[in-house]
Amino acid sequence: MPELPEVETIRRRLNTVIHNHTIKSTSVHNAKLRWPIAPDFAKQLSHATIHSFERRAKYLLMQTDRGIVIIHLGMSGSLTVNSGNHPLETHTHVEFHLKDGRSLRYRDPRRFGSMHWIPDKPLAHPLLRNLGPEPLDEGFNGDYLYQASRNRRVAIKNLLMNSRIIVGIGNIYASEALYLAQINPIRRSDRIACVRYQNLARAVKSVLESAILAGGTTLRDYVDAAGNPGYFKQNLLVYGRQGALCNLCQTQIRNRTIGQRSSYYCPHCQR
DNA sequence: CCCGATTCCTGTAGGC
DNA sequence: TGCCTACAGGAATCGG
């Protein structure tokens with residue numbers, strides 16, 4: 001399921017294979033995503049030239065000379081570049097046919113994703129307007145997290161997954177970062193000392209950067225823009241490893257539900 | 001404002 | 001082998 005490292009991996013790949021390529025036509029096979037694709041979507045993008053792909057949180061921003069497409073991959077979305085004659089896979093909802101014969105395809109079996117065209121000012125869009133800082137920006141640090149945690153009684157794992165506080169962290173990397181920082185995921189965010197938030201901020205940056213280097217985490221069906229899986233799964237320390245032994249203390253990794261999401265942690269190391 | 005619960009969706013796994 | 005159910009999760013939205 002694409003979190004920040006997966007979206008960033010896709011973004012980088014797209015920028016290497018699509019630069020100043022022009023859209024010949026756009027096909028919307030199924031407009032019923034998380035939000036319906038607007039009826040004029042294909043028309044707005046006819047003959048648009050794609051300049052680059054940017055990222056904000058888990059959103060991809062396709063920059064063209066005819067506006068911007070805000071793309072979210074939900075939990076099962078992929079965006080791949082195919083040769084024009086590549087067989088169309090099921091659940092391919094949108095195709096951008098490029099002039100050079102290739103097609104950029106948006107596929108999303110579970111349809112939790114979305115696609116919006118806007119003329120300009122993407123950061124003012126309602127979906128992006130209220131997002132917290134990027135975890136890999138220098139402005140994000142332990143002091144920021146500590147301040148954000150004051151007067152908030154939620155479990156720290158829920159704080160990490162709140163995109164108004166900090167973006168890009170989903171269920172996998174929240175568990176991994178808390179393990180690295182040795183913080184119990186259920187601990188109330190307002191009962192964690194400042195020094196521990198310094199560790200947590202470093203852990204967040206570390207796990208996200210490592211995952212990007214590995215090309216993201218493929219649990220089942222994540223692939224990048226060229227169809228390649230990511231290899232961070234072999235580096236996961238707790239996520240999905242219920243019953244396995246903690247690398248540090250040999251205690252069994254536990255799984256419990258926090259905020260309607262499965263969470264993995266070491267009950268001995270994480271306090 | 002804060003926060004927990006609900007909701008959308010489909011592929012997969014597990015039980016019988 | 002086949003049917004049924006539970007589960008996976010990003011994030012908006014709703015209700016208290």
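Visitor: What makes up the surface near DNA strand B, by class?
Guide: In this predicted model, that surface has three nonpolar, three polar and five charged residues. Ala, Val, Leu, Ile, Met, Phe, Trp, Tyr, Cys and Pro are nonpolar, and the others, Gly among them, polar.

Visitor: What makes the approach of Arg-111 to a phosphate oxygen of DNA strand B a polar contact?
Guide: An N or O atom in the Arg-111 side chain lies 2.5 Å from that oxygen, and the limit for a pair of N or O atoms is 3.5 Å, so the pair qualifies. A polar backbone atom of Arg-153 is 2.6 Å from a phosphate oxygen, while one of Arg-110 is 3.4 Å from a sugar or linking oxygen.

Visitor: Which residues lie nearest the centre of the largest pocket?
Guide: Lys-58, His-72, Gly-74, Gly-170 and Arg-261 do, among 24 lining residues. The lining comprises 13 nonpolar, seven polar and four charged residues. A pocket is an open set of points on a 1 Å grid over the protein atoms alone where a 1.4 Å probe fits, with protein on both sides within 12 Å along at least five of seven lines; lining residues have an atom within 4 Å of a point.

Visitor: What conventions apply?
Guide: Residues are numbered from 1 along each chain as its sequence is written, and chains are lettered from A and ligands numbered from 1 in the order written. Local features need pLDDT of at least 70, side-chain atom pairs count only at pLDDT 80 or more, and totals for chains, interfaces and linings use all residues, while side-chain values use heavy atoms, without hydrogens and water.

Notes
A polar contact is a pair of N or O atoms within 3.5 Å; within protein, one must be able to donate a hydrogen and the other to accept it, and residues adjacent in sequence count only if both atoms are side-chain atoms.
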